[in-house]
Amino acid sequence: MKRLWSGVAGIVCVCALIFALPAMARVIEGTKGSDKLIGSNNGDRITAKRGDDIIRSRKGGDVLFAGGGNDFVKGGQGFDEIRTGRGDDEVHVRDGQPDLINCGPGEDTVLVDQVEEGIFDCEHVKEEMR
């Protein structure tokens, strides 16, 4: 009979899994009201719903969804994908790294730097000059 797990290998495998867990991305979801949603230092998926929300990502590549309402979204360090919903939103992505921004219906204002990957359907784009 073959042994699939040896005692030491099994312990090492379980310990590696336990220590890897804190580095995993988080899924953060808002409510139907106005929320303040803040990401972690890892790649996160943050979803706001209705309401005038504040969404802030930190380090890591994040995916941010701003739902309906007049939202404020601030991307963090790393490649962020940001999508806004219906409303007059303000998006800040000046971190010196490429980001992808897709604005929804409304009068949206985006503050970008010169390295953005793509900016779509945003009414007002203000570029940082260096």
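Which residues form a negative surface patch? The residues are D88, E107, D121 and E123. The legends below take this patch and other parts of the structure in turn.

The structure is a predicted model, in which local features need pLDDT of at least 70 and side-chain atom pairs count only at pLDDT 80 or more, while totals for chains, interfaces and linings use all residues. Residues are numbered from 1 along each chain as its sequence is written, and side-chain values use heavy atoms, with hydrogens and water left out.

**Figure 1. Overview of the protein chain.**
The protein chain holds one helix and 12 strands. Helices (H or I, at least four residues) and strands (E, at least two) are DSSP runs, numbered from the N terminus. Along the sequence the pattern is α-β-β-β-β-β-β-β-β-β-β-β-β. The chain has 130 residues, of which 35% count as buried. Buried means under 20% relative accessible area, exposed means over 50%, and partly exposed lies in between (1.4 Å probe, protein chains only).

**Figure 2. The negative surface patch.**
D88, E107, D121 and E123 form this patch. Patches are made of residues with over 30% relative accessible area and no salt bridge; like charges are joined within 9 Å, and nonpolar side chains (Val, Leu, Ile, Met, Phe, Trp, Tyr) within 5 Å. Asp and Glu count as negative and Lys and Arg as positive, while His and the chain ends are not counted. The place of a charge is taken as NZ of Lys, CZ of Arg, CG of Asp or CD of Glu. Accessible areas come from the Shrake-Rupley method with a 1.4 Å probe, and for residues only the protein chains shown count as cover.

**Figure 3. D121 and E123 in the loop between β11 and β12.**
D121 lies in the loop between β11 and β12. E123 lies in the loop between β11 (118-120) and β12 (124-127). D121 counts as exposed because its relative accessibility is 57%, whereas E123, at 36%, counts as partly exposed. The phi angle of D121 is near 60°, a positive value in a residue other than glycine.

**Figure 4. The salt bridge between E29 and K49.**
A salt bridge is a side-chain nitrogen of Lys or Arg within 4 Å of a carboxyl oxygen of Asp or Glu. By this rule the count is two salt bridges. In one of them, the side chains of E29 and K49 meet at 2.9 Å, N to O. E29 lies in strand β1 (residues 27-29) and K49 in the loop between β3 (45-47) and β4 (54-56), so the pair ties together parts that are 20 residues apart in sequence. E29 has 52% relative accessibility and therefore counts as exposed. K49, at 33%, counts as partly exposed.

The side chains of R83 and E81 meet in a salt bridge of 3.1 Å, N to O. R83 counts as partly exposed, with 33% relative accessibility, and E81 counts as partly exposed at 22%. E81 lies in strand β7. The C-alpha atoms of E81 and D62 are separated by 6.3 Å, although these residues are 19 residues apart along the chain.

Two strands pair if DSSP finds at least two bridges between them. β3 and β5 pair in the parallel sense over three bridges, and the bridge partner of T47 in β5 is F65. β5 also pairs in the parallel sense with strand β7 (residues 81-84), over four bridges. A66 has T84 as its bridge partner in β7.

**Figure 5. Strands β6, β8 and β10.**
Strand β6 (residues 72-74) pairs with strand β8 (residues 90-93) in the parallel sense over three bridges. The bridge partner of F72 in β8 is E90. β8 pairs in the parallel sense with strand β10 (residues 109-112) over four bridges. Here the bridge partner of E90 in β10 is T109.

**Figure 6. N42 and R26.**
N42 is found in the loop between β2 (36-38) and β3. N42 counts as partly exposed because its relative accessibility is 22%. N42 and R26 are 16 residues apart in sequence and 7.6 Å apart in space, C-alpha to C-alpha.
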